[in-house]
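Here is a quick tour for anyone meeting this structure for the first time. Take a look at the model, then read on.

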Amino acid sequence: MSFLPSTVEPYWRDSVPLPSFPKLEEDIAVDVAVVGGGISGITTAYLLATQGVRVALLEADRLLNGTTGHTTAKLTAQHDLVYDEFLNHFGTEKARLYYDACMDALGFIRRTVEQHRIDCDFCEQDAYIYTTSSSSFQKLVKEWEAYERLGIDGAFVESIPLPLPVKAAVVMKRQAQFHPLKYLVKLVDALVQAGSAIYEYTPVADIEQGERLSVVTRDKKRVECSHVAVCSHFPFYDGGFYFSRMYAERSYVLGVTTAEPYPGGMYLSADDPKRSVRSAAANGETLILIGGENHKTGQGVPTMRHYEALSSFASQLFTVKDIRYRWSAQDLTTLDKMPYIGPMTADTPHIYVATGYRKWGMTNGTAAGMLLSDLILGRDNRYRDLYSPSRFYADPSVRQFFTTNLDVAKHLVAGKIEAAGRRPQDLARGEGAVVSVNGKRAGAYKDEAGTLHVVDTTCTHMGCELEWNSGDKTWDCPCHGSRFSIDGDVVEGPAKQPLKRLELDESP
């Protein structure tokens with residue numbers, strides 16, 4: 001078995017030089033503030049800027065360093081086995097609208113690539129959901145029946161191009177894949193050329209409402225505007241209790257080279273654990289992206305085991321020559337699996353949110369940019385009600401609400417009573433763990449130089465106890481998905497404040 005890379009770095013970010021932008025150092029006034037430098041924020045800003053709207057795009061870290069930079073970048077409306085479920089929960093019209101919205105997003109990306117002549121490895125591929133288990137066969141039959149009822153271009157097949165013993169598969173025709181950062185860098189250039197401003201390393205803390213809106217950064221700089229689009233993955237400004245209406249999951253990706261040629265297509269297993277496969281062009285070679293192993297953030301087995309499981313699966317499919325990359329991503333799922341895109345609440349008509357893409361951010365994020373820009377410009381958009389964050393469906397929303405929040409309560413209590421017997425000094429170099437400091441639960445990581453990084457493991461969002469993520473070397477919250485660095489800095493929200501750093505008493 002090939003060795004796993006020691007560093008966690010997505011192929012996308014490693015293969016493209018990204019532009020850099022300054023931190024916001026003064027108060028400014030614009031028409032629209034867009035918070036978040038991923039595909040949703042950039043697409044929204046691009047569409048507004050090219051219509052003459054003055055936009056400020058604010059990113060807490062570097063552009064494209066969040067979920068967008070860690071995607072598998074499938075451009076597809078085939079978002080797992082959802083259409084039979086959507087038919088049952090939402091009806092034919094809304095299920096078809098969801099498919100249309102995703103296909104419209106794919107079409108927008110295709111047209112934009114052609115218009116700007118973007119070299120981003122865009123190519124059409126068929127997308128497959130397959131099963132190797134008899135237990136999932138009937139689910140695929142029902143999904144295919146949903147395709148037929150909704151008029152989705154596809155087929156029910158008994159084999160796929162990958163060397164897997166499949167029982168059946170559902171294929172969706174004329175989907176696509178691309179290099180997301182090569183594509184989005186061009187949109188960034190276009191919106192800057194249109195006169196809009198981008199600020200990196202500018203985390204936002206609050207939105208103040210008055211005659212106009214004021215976006216307030218963590219450094220107390222203010223962006224006065226008429227509209228705010230919150231595209232920050234998890235909404236930093238949570239007027240609608242979004243933390244209780246979504247849950248966070250992590251998934252993993254390996255980038256491998258193989259002795260065999262890739263047969264084409266994009267693949268996803270209907271069975272658990274999930275398996276995702278697609279190819280990418282990498283400096284004249286074919287890089288195969290093997291993904292899956294999703295689990296709730298901060299829960300489950302040690303995270304390095306997920307990479308090892310993907311490595312084993314890759315070796316079952318191909319003769320693996322090298323594992324070039326490994327990375328992970330975090331995604332949010334809403335109560336009914338439909339993204340929240342639109343006004344954050346009924347009482348905040350000029351504050352918009354886009355979140356809850358359930359691992360399908362390339363099409364959903366693009367659809368969000370198209371919808372949010374239309375709402376801000378006062379245009380009609382037929383997907384407005386479909387994605388409305390204020391919607392509520394009794395089935396499955398009520399059931400999922402209680403399931404999600406009971407899980408939160410379970411982990412909140414479990415973390416408080418967990419015993420931590422180890423001392424920070426006992427850790428090996430490169431090891432992190434829950435430890436005991438002065439009789440209290442804490443988190444420690446010993447780096448390769450032997451330096452200890454010790455933090456309070458109580459999440460600053462709502463007080464849950466964090467767990468160590470060995471694969472990415474972060475402290476992760478099992479309740480709402482917040483993540484922190486080894487020194488306690490916020491890596492991912494909803495938490496806004498860093499963890500308390502602890503000093504060890506070195507006295508004998």
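Predicted model: local features only at pLDDT ≥ 70, side-chain atom pairs only at ≥ 80, totals over all residues.

A residue is called buried when its relative accessible area is under 20%, exposed when over 50%, and partly exposed in between, using a 1.4 Å probe and protein chains only. Helices (H or I, at least four residues) and strands (E, at least two) are DSSP runs, numbered from the N terminus.

Residues are numbered from 1 along each chain as its sequence is written, and side-chain values use heavy atoms, with hydrogens and water left out.

The pLDDT is the predictor's confidence in each residue, from 0 to 100. Its mean over the chain is 90, and 92% of the residues reach 70 or more. Over residues 404-417, though, the pLDDT is below 50, and this stretch has 20 contacts in the model beyond near neighbours in sequence.

## Two helix partners

Back to helix 2 and its packing. Axes are lines fitted to C-alpha atoms, for helices over the stretch in contact, and angles run from 0 to 180 degrees between N-to-C directions. The axes of helix 2 (residues 39-49) and helix 6 (residues 180-193) come within 9 Å and cross at roughly 35°. On the helix 2 side, Ile39, Ile42, Thr43, Ala45, Tyr46 and Ala49 make the contact, and helix 6 brings Leu184, Leu187, Val188, Ala190 and Leu191. Sorted by class, that is 10 nonpolar residues, one polar and no charged. For this sorting, Ala, Val, Leu, Ile, Met, Phe, Trp, Tyr, Cys and Pro count as nonpolar, Asp, Glu, Lys and Arg as charged, and the others, Gly among them, as polar.

Helix 8 also packs on helix 2, at an angle of about 35° and with the axes 8 Å apart. Here the contact has nine nonpolar, eight polar and no charged residues. As for handedness, helix 2 passes helix 6 in a left-handed crossing and helix 8 in a right-handed one. A crossing is left-handed if the near helix is turned anticlockwise from the far one by less than a right angle, and right-handed if clockwise.

## Nonpolar cores

A nonpolar core is a set of buried Ala, Val, Leu, Ile, Met, Phe, Trp, Tyr and Cys residues joined through side-chain atoms within 4.5 Å. The largest one has 86 residues, and Tyr83, Tyr183 and Tyr387 touch the most other members. Helix 4 (residues 92-116) gives the most to this core, with 11 residues. There is also a second, separate core of 29 residues, which includes Ala56, Phe234, Ala248 and Tyr340.

Which residues does Tyr183 touch? Not counting residues up to four places away in sequence, they are Phe108, Ile109, Thr112, Val113, Ile118, Cys120 and Phe178.

Leaving out residues up to four places away, Arg174 touches Leu106, Arg110, Glu124, Gln125 and Asp126. Arg174 and Cys123 are 51 residues apart along the chain, with their C-alpha atoms separated by 9.4 Å.

Is Gln177 buried or exposed? Gln177 counts as buried, at 4% relative accessibility. Beyond its neighbours within four places, Gln177 is in contact with residues including Ala73, Asp121, Met266 and Arg278.

Most residues other than glycine have a negative phi, and most peptide bonds are trans. Leu64, in the loop between strand 3 and strand 4 (74-75), has a positive phi of about 60°. Leu64 is buried, with a relative accessible area of 2%. His233 has a positive phi too, near 70°, and counts as partly exposed at 23% relative accessibility.

A cis peptide bond joins Asp272 and Pro273, with omega about 0°. Pro273 lies in the loop between strand 14 (266-269) and strand 15 (275-282).

Definitions and conventions
Contact = heavy atoms within 4.5 Å.
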